[in-house]
Amino acid sequence: MLLFPTILFITSVLITTTNQQQLPPKLADSAVLKSQNAGTKLKVHCQAAEGSKPLQFSWKRNGLSDARYRIDADEEEESFLIIDRLQASDNGNYTCTVSNAFGTAHQTTVVFVKGFYFKFYYHFCSKCGAFSV
């Protein structure tokens, strides 16, 4: 009589473990917009909240790969896109894609580089009277 509950428990554990092994990736919530000064270091974070391993991360800027940035991974569940010195030309949509054998998830962060152009425009417009200073 003790044999039946023991077998039922083992079966239940095996089913639960098997289901956890086949999860598609799901990304944790992250900043949708990053506004940062030109000349500073940008670090955009992408973290998988769940998903069966191994997870593979990739990054694209405006849909294309870009050699100006580097990608670091601290653990198996997260990745960082890093630009050591932001330029105005780095404005854009940066998309992190994480995938495994069971699916794919995407997350896009819009990067707006503040700096020279804004300062120049503000200075120029304040001289022409568009802004009261």
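1. Buried means under 20% relative accessible area, exposed over 50%, and partly exposed in between, with a 1.4 Å probe and protein chains only. By that rule R61 is buried, at a relative accessible area of 19%. The model is predicted: local features need pLDDT of at least 70, side-chain atom pairs count only at pLDDT 80 or more, and totals for chains, interfaces and linings use all residues. Residues are numbered from 1 along each chain as its sequence is written, and side-chain values use heavy atoms, with hydrogens and water left out.

2. Sheet. Strands (E, at least two residues) and helices (H or I, at least four) are DSSP runs numbered from the N terminus; two strands pair if DSSP finds at least two bridges between them. An open sheet of four strands has the order β1-β3-β6-β5, and its pairing is antiparallel. β1 and β5 (70–75) are at the edges with a single partner strand each, so one side of each has no neighbour in the sheet.

3. Strand β1 (residues 26–27) pairs with β3 over two bridges in the antiparallel sense, and L27 has A48 of β3 as its bridge partner. Between β3 and strand β6 (residues 78–83), which run antiparallel, there are six bridges. Here K43 is opposite I82 in β6, and H45 is opposite F80 in β6.

4. Disulfide. The criterion is a pair of cysteine sulfur atoms within 2.5 Å. A search of the whole structure returns one disulfide, formed by C46 and C96 with their sulfur atoms 2.1 Å apart. The link joins distant parts of the chain, from C46 in strand β3 (residues 42–50) to C96 in strand β7 (residues 92–100), 50 residues apart. The angle about the S-S bond is -80°, and the link of C46 and C96 is left-handed. Both C46 and C96 are buried.

5. Core. A nonpolar core is a set of buried Ala, Val, Leu, Ile, Met, Phe, Trp, Tyr and Cys residues joined through side-chain atoms within 4.5 Å. The largest one has 17 residues, of which L42, W59, L81 and I83 touch the most other members. At least two residues of this core come from each of β3, β6, β7 and β8 (103–114). β3 gives the largest share, four residues.

6. Salt bridges. The test is a side-chain nitrogen of Lys or Arg within 4 Å of a carboxyl oxygen of Asp or Glu. The structure holds five. One of them joins the side chains of D66 and R61 at 3.7 Å, N to O; D66 is partly exposed, with a relative accessible area of 23%.

7. R70 meets D72 in a salt bridge at 2.9 Å, N to O. R70 also forms one with D84, where the closest N and O atoms are 3.1 Å apart. Shared partners join R70, D72 and D84 into one network. The three are partly exposed, with relative accessible areas of 33% for R70, 29% for D72 and 46% for D84.

8. Surface. V32, L33, V110 and F112 form a nonpolar patch with about 370 Å² of accessible area together. L33 lies in strand β2 (residues 33–37) and is exposed, with a relative accessible area of 56%. Areas come from the Shrake-Rupley method with a 1.4 Å probe, and for residues only the protein chains shown count as cover. Patch members have over 30% relative accessible area and no salt bridge; like charges are joined within 9 Å, and nonpolar side chains (Val, Leu, Ile, Met, Phe, Trp, Tyr) within 5 Å.
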